[in-house]
Amino acid sequence: MSSTWMTTRAWLLMLPLLVVMVAVIGWPLVDTVGLSFTDAKLVGTGGNYVGFDNYANMLSSSNFSRTLVTTTLFAVISVAAEMVIGVLAALLLNQQFHGRAVLRALMILPWALPTVVNATLWRLIYNPEYGALNAALTQLNLIDAYRSWLGEPGTALTALIVADCWKNFPLVALIALAALQAVPRDITAASLVDGAGPFNRFRFVILPYLAGPLMVALVLRTIEAFKVFDIIWVMTRGGPANSTRTLSILVYQEAFSFQRAGSGASLALIVTLLVTVLAVAYAALVKKTAGSAV
Amino acid sequence: MERRSSAFTMFIYACALLLAAIILAPIAWLFIMSISPAADLAAKPLRWWPQAADFSRYQTLLSTAENSAGAAFTSSLRNSLEIAGMATLAALALAIPAGWAVSRTPAIGWSLSMVIATYMLPPVALAVPLYMGLSHLGLLNNVFGLALVYLTILAPFTTWLMKSGFDSIPREIEAAAMIDGAGLFQTLRIITLPLAAPVMATSALFAVLLAWDEFFYALLFTSDQRAKTLTVAIADLAGGRVSDYGLIATAGVLAALPPVLIGLVMQRALISGLTSGGVKG
Amino acid sequence: MLKTITKTLVGAVFAGGLLVPHAFAETTLNALFMAQAAYSEADVRAMTDAFTKANPDVKVNLEFVPYEGLHDKTVLAQGSGGGYDVVLFDVIWPAEYATNKVLVDVSSKITDDMKKGVLPGAWTTVQYDGKYYGMPWILDTKYLFYNKDILEKAGIKTPPKTWEELGAQAKTIQDKGLLKTPIAWSWSQAEAAICDYTTLVSAYGGDFLKDGKPDFQNGGGLSALKYMVDSYKSGLTNPNSKEFLEEDVRKVFENGDAAFALNWTYMYNMANDPKDSKVAGKVGVVPAPGVTGISEVSAVNGSMGLGVTAVSKHPDEAWKYIEYMTSQATQNQYAKLSLPIWASSYDDPAVTKGQEELIAAAKLGLAAMYPRPTTPKYQELSTALQQAIQESLLGQSSPEDALKTAAQNSGL
């Protein structure tokens, strides 16, 4: 069998996937680019060419810069917290204790819970008048009056991050745990003989094994956190005073609530560009880490 | 095996208990809310355990009497099942040949990389043209239309999983079968696909979970009982206009049940999928 | 000549072919309503059941979304060939819906009996540019509800007539230790906050727009926001109000945790229902107060109408359904949560019985209803104002600056 035939055959087998991807991703993306240079409305006629006006307006608006900061804060803090808590949980689950198998099984629960259900659940927990968090903290005498967790700009974003983190840290923990189980026993044993303390043992013996898988998790979680929509839509819709409005929510508002498809498209592409830059930078980092790790 | 001091053992158990509490408390509370009388949930101080369990909300939501709140909920349940099922089948139908092709012909691997790179695209970047396109085809508010859109998420991911699954099946086995005179499709059918069955199952599970979880496209592209999915139905309930928190919690429990059961029963397959093929949250 | 005859014949056959199965086949209408508030979901289902019993050839699928999703759902469904036939719309949307051709002009279907029978204030809900885009269905404004028990304990004889008096009475209640924060509002970053704000704008005699340009940043519009901020900062207002929608306000009021609450008609009979409410029998209602020297009472036009969408394939059946839903008989039957649009209902003992206090408040309140601005860009204006209100409440910005920014961002 010739290699040209092999390649042709492979392309033929790829073809259905590629056709569908072009139809549901490629074409819409190109169309979005086209729309972003027009003042098109969502419903009705095509709109007129306006050049880079949409981009200029969006980039110069205070809404955009503020939303960008909010989104970045949300992504950085929630992903960092998920990584730290996830690795700690994995180290714990790698110890021997009774009930370990059950606890490992439980870890899948938050991850399996649909995002919207998770958001709904936490919205109920944070309820300012009848929520479980206020009740628990008051009954434990940790706060003296019920508080408006999702109504104060100071706590709303944190409250969202906690809810997001609760759902996603178990995933990091499961990935880290699988990596930990791949660390050969004799290596840890050898480091014990060498007299390495627990911190050094983690830093120099265990972490290199975790670095690769964790980097992948980090990249994917960061991209997802940057695109966040569901949890914020259900819990705060961007309030109070827009303090939790992320880029995706802003695009929704522009394109669908205000029906300005053109400027919504330009904003969506700006977001896409940001995510791409982020991902490329990360990918380089992954390559570096993976190369040096094992 | 390292020896542990009893203080350290205590510490481990304390941490394990804390972790279990963190994981379980919110989920348990969701269930308790769903069976607590409304008055208990508005009590100050809050009543943590209902005086009498009240399962009537489950009955309300699962009743199929025409023109009732239950009918609306069960239709969204059915839509979610249909859409997740169709999208998963379609995704696998695309992913299996593509995954095999890339696995056996690394020269075309870059095309898969491009497909996977689309994962970075925020759905908002595709939403407006997809909306207009579906509208043009008359597929807005339609389960087929939404299932088609879900391929944007499911197909790249399942192809990736399938590709790494095929990678772990030695091509020598296929070569041996072909030397024995089997044609390509015969080889695939008799040798490769049965060996890849576990990966196919894992891919299907992930696809179902992803489709079940999707919210943004469903919010935009569906409007009523004909296509509205569970996630949108729950967001509508949670929108601050339903005063019975227990009812919202009940809907949450019902929507969480299928993925949580899949997660618990199939966790070995899921975790291996998460760690071998890569990761996806 | 022959050609013409053939054409006519073909036309007739064609029309007949379309019409005949039509008369027998079941027509399915899709209708969009909002969840809770005013008529409850159960009420809408019951009304619809009665309609389909009377019209067995029509089937109606009902869809309920929260108010916050009502506008976007309506607009998004426009693109789908089989979208909604009947939609509920807020008084602020006809301008946009008419401009973007979401709703059809039904002026020709409004009969003289309707024109005479329905209260004039209700008609403003469905009109834009002199045309009718539907029938008013919910005639509503925000009233001041009070807890008679708490007022009595505080030694307060009559509920407040002015906003200033409201603050003073709340202070008394707070000082006597009856409640920490006596007043509840719906100031969440949502349209609900605009409704409370508009009530105050009407009290202070402000204007949203002047010659098509924003004017809320001056005069009464500014005083209204300042009142909200003062009430919030003084601690007389429940600080969680900035997170509340109307249902949260109702829950707090029904739980006895508020002495005063601004809310729609529906709360009166719900809060008086001992099944869910701890304050049943103690609910008082008066028109929202006025401002000395400017107004006696204040009110926002919070009415909603039912319209036929431009994409409906069954506009005639859809209109029939709307006629039924807005008919005086139906409205009188369900008058406990939403008062009828029909003038003569207010003297009908069957309607007024058991809610005389509400009817008395309604007669004053409905007459004073103040509109939110009519503009196709209402969504943007409202979003900008919501932000201004929240920023001022949270102390991120002074009311003056916040409203000036909102005026710039309003798209007008």
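Helices (H or I, at least four residues) and strands (E, at least two) are DSSP runs, numbered from the N terminus. This is a predicted model, in which local features need pLDDT of at least 70 and side-chain atom pairs count only at pLDDT 80 or more, while totals for chains, interfaces and linings use all residues. Residues are numbered from 1 along each chain as its sequence is written, and chains are lettered from A and ligands numbered from 1 in the order in which they are written.

Select next residues 277-281 of chain B, where the pLDDT is below 50, although this stretch has 18 contacts in the model beyond near neighbours in sequence; two residues are in contact if their C-beta atoms, placed from the backbone, lie within 7 Å. Where pLDDT is low, the predicted coordinates should not be read in detail. Chain B averages a pLDDT of 88, and 95% of the residues score at least 70.

Now show chain A beside chain B, where the contact takes 79 residues from chain A and 77 residues from chain B. On the chain B side, helix α1 (residues 6-35) contributes the largest share, 13 residues.

Finally, turn to chains A and C, whose contact takes 17 residues from chain A and 23 residues from chain C. On the chain C side, select α3 (67-77), α11 (246-254) and α17 (378-393), the elements that give two or more residues; α17(C) gives the most, with 5 residues.

Technical notes. pLDDT is the predictor's confidence in each residue, from 0 to 100.
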